[in-house]
Amino acid sequence: MQSFRTEIENPIVEKDILELERKIQLFKEGKIDEERFRSLRLARGGYGQRQFGVQMIRIKLPYGKVSSEQLHRISDVSDEYSRGRLHITTRQDIQIHHVSLDRTPELWAQLEKDDITLREACGNAVRNITASETAGIDTAEPFDVSPYADATFKFFLRNPICQEMGRKFKMSFSGTDDDTAISFIHDLGFIAKIKIENGVAKKGFKVLLGGGLGSQPRHADVIYDFLEEDVLIPTIESVLRIFDRFGERTKRAKARLKFLVKEIGVESFLELVSKEVSALENKTFKINTTAFEQPISFQEVATPVIKIKDEVAFQNWKQTNVIKQKQAGLFAIGIKVHLGDFYTPKARILADLVKKYGANEIRLTLRQNILIRHIRADLIPFFYVELQKLGFANAGYNSTSDITACPGTDTCNLGISSSTGIAVVLEKVLEEEYPSYINNKEIAIKISGCMNACGQHNMAHIGFQGMSIKVGNLQAPGLQVLIGGGILGDGNGRFSDKLVKIPSKRGPDALRILLNDIEANQQQKESFLEYYDRQGKIYFYNLLKGLSDTTNLLPDDFIDWGYSEKYVKAIGVGECAGVVIDLVATLLMDVEEKMSLAQEALDLNLYPDSIHHSYSSIVNGAKALLTGYGVRNNQLNKVVTNFDETAVDSGDIDLGGSFNDFVYQIDENTPSKQFAEKFLGDARTFYNKLVELRQKQLANTEA
């Protein structure tokens with residue numbers, strides 16, 4: 001366990017990992033509250049599993065980019081600390097399951113040897129930045145969005161302004177108007193645009209704000225038709241500051257940005273954002289794209305001589321899985337990864353193939369697949385043969401038969417019924433009974449094990465949501481069937497309509513009924529969504545309503561797909577938000593920690609970081625004292641108001657003015673060494689006053 005201390009070259013990363021190790025020990029000794037430790041653990045990529053005593057570790061892979069060396073490293077870690085299985089998520093991450101909490105720091109240290117982080121992969125922070133997997137190679141893209149996704153990831157990683165928000169924050173970058181990164185379901189979504197001004201082409205983005213899925217999906221609002229590239233980072237920072245300050249913090253179900261935008265309105269939100277600009281160090285931020293504009297380099301290797309045994313199968317595969325790149329003579333190869341799961345022996349072979357015969361880069365996709373980039377035309381038959389050996393040459397990449405599904409009850413605490421089990425069965429139905437859908441890329445099927453929509457079921461053309469169905473005194477595994485969602489392009493999309501709730505074992509019949517009806521009645525050149533709109537929701541409800549009858553269930557209907565035991569609805573405590581319980585002692589400990597961080601940042605001349613740490617210490621200190629008064633706060637801005645009313649106006653604490661003015665010095669001063677030093681001094685003075693007042697509170701309680 002000691003080895004990683006001398007092997008990590010980056011002192012910031014080393015400190016992070018050592019801090020995690022120290023906090024794990026304090027937690028085991030009972031010196032850190034469980035909820036507080038959960039928040040810290042989540043921010044370091046560790047998520048509690050359904051199985052007792054083990055963690056799911058989520059690796060943060062911005063825009064899904066992975067090199068051969070990184071894939072080898074991830075495989076080594078999975079073999080050493082887990083069971084050799086890798087799971088691709090719908091956010092282009094990789095998850096490793098069944099990891100012991102004690103070994104998490106060591107695992108993280110091993111990953112960092114190849115520049116792979118766990119930091120902020122879970123918790124109330126900026127989650128993995130996603131992007132179109134074809135970014136940089138798409139023939140239709142105005143420019144490559146990869147460097148912008150990369151810069152966003154790097155700028156906000158460990159950034160003090162977004163470490164303890166009320167909820168997670170998700171962003172995506174789409175390379176074209178096809179909007180393959182699904183901007184309309186994100187807190188912030190960006191679509192690449194070019195604007196011509198005075199004959200000069202300028203790069204920028206269409207920007208969408210406040211989207212999301214879950215139990216209450218919301219279509220994001222367009223806030224800028226064109227935002228110039230140099231103000232991308234400052235705009236994101238301002239949005240994050242407002243979300244941190246005004247977002248809900250008590251009611252987890254209402255804590256996402258979409259609810260704040262809905263509550264105060266887009267215009268009011270943008271007014272708040274514009275006021276934050278004066279407090280930013282960077283009013284503009286130039287993103288360096290040079291590293292992404294270098295010539296593609298390859299190893300000098302001869303084209304292997306191979307023989308295709310089944311030319312028809314090869315041509316079908318080429319049609320569905322091979323994509324022409326904008327770089328002349330190069331192609332990308334899509335690998336359909338069943339349910340996003342693959343194992344380390346295959347991962348290593350794939351990594352070696354990509355390094356030797358490609359350009360040493362793959363992209364993980366939002367549909368849980370793999371895209372190999374930069375393959376010469378003469379090597380396509382060779383790759384087909386080699387991928388066949390791995391079981392990776394199935395046709396139907398991104399087709400109807402390529403079903404997206406979250407892990408569901410396999411590992412997730414929130415899973416209600418099996419999403420992977422039903423996905424396996426539905427894919428078999430498609431393969432055996434509807435082979436034409438291997439070539440169909442118009443209908444997407446997505447499955448989630450609960451309402452939280454990690455499988456994105458409620459924006460699918462055909463979606464299934466795991467649930468339970470009560471039948472007398474018994475519970476049966478069930479599915480909510482949804483139809484009619486999809487990506488329309490250029491930031492537009494639609495959510496699926498809920499139709500019927502059916503027993504899970506009738507899921508295959510539901511799919512058969514829908515596909516048979518489409519084949520019988522869809523008009524020529526009519527898209528699926530056009531057909532759905534023409535027939536209407538009631539038409540499809542009537543098609544399926546017979547499956548919802550629970551008066552004739554058989555014993556097998558009470559056993560979920562992939563299981564042998566009778567179904568039991570068992571939902572644990574979800575950790576997607578990592579909400580922290582406001583215990584006074586824990587918060588005061590946080591205040592001390594944040595003042596230490598403020599001093600460290602000041603010593604490194606990181607003045608904006610120091611200022612925000614001081615700000616956090618002041619607000620958390622006020623929050624701690626209000627907790628002692630029994631005052632409940634669900635937004636940070638309300639902490640300020642309540643502290644004035646409770647402690648300052650009453651004369652319990654003297655700040656020489658209002659707490660509002662004291663705190664929001666942060667908005668009135670441009671980041672500088674002088675202000676950073678002053679604000680930290682103010683934070684320390686405030687803390688001393690808090691401790692004195694807290695002691696009086698305790699004395700009064702004891703009296």
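Residues are numbered from 1 along each chain as its sequence is written, and side-chain values use heavy atoms, with hydrogens and water left out. Because the model is predicted, local features need pLDDT of at least 70 and side-chain atom pairs count only at pLDDT 80 or more, while totals for chains, interfaces and linings use all residues.

A nonpolar core is a set of buried Ala, Val, Leu, Ile, Met, Phe, Trp, Tyr and Cys residues joined through side-chain atoms within 4.5 Å; buried means under 20% relative accessible area, exposed over 50%, and partly exposed in between (1.4 Å probe, protein chains only). The largest such core has 58 residues, and Ile370 and Ile372 have the most contacts inside it. Helix H12 (residues 380–390) gives the most to this core, with seven residues. Another core, of 44 residues, lies apart from it and includes Tyr148 and Phe243.

Helices (H or I, at least four residues) and strands (E, at least two) are DSSP runs, numbered from the N terminus. Two strands pair if DSSP finds at least two bridges between them.

| Strands | Sense | Bridges |
|---|---|---|
| S7 (residues 171–174) and S8 (residues 188–197) | parallel | four bridges |
| S8 and S9 (residues 200–209) | antiparallel | 10 bridges |

Met171 stands opposite Leu188 in S8, and the bridge partner of Ile191 in S9 is Lys206. In the hairpin of S8 and S9, with two residues between the strands, Asn198 takes a positive phi near 55°.

Asn637, in helix H19 (residues 636–648), is buried, with a relative accessible area of 17%.
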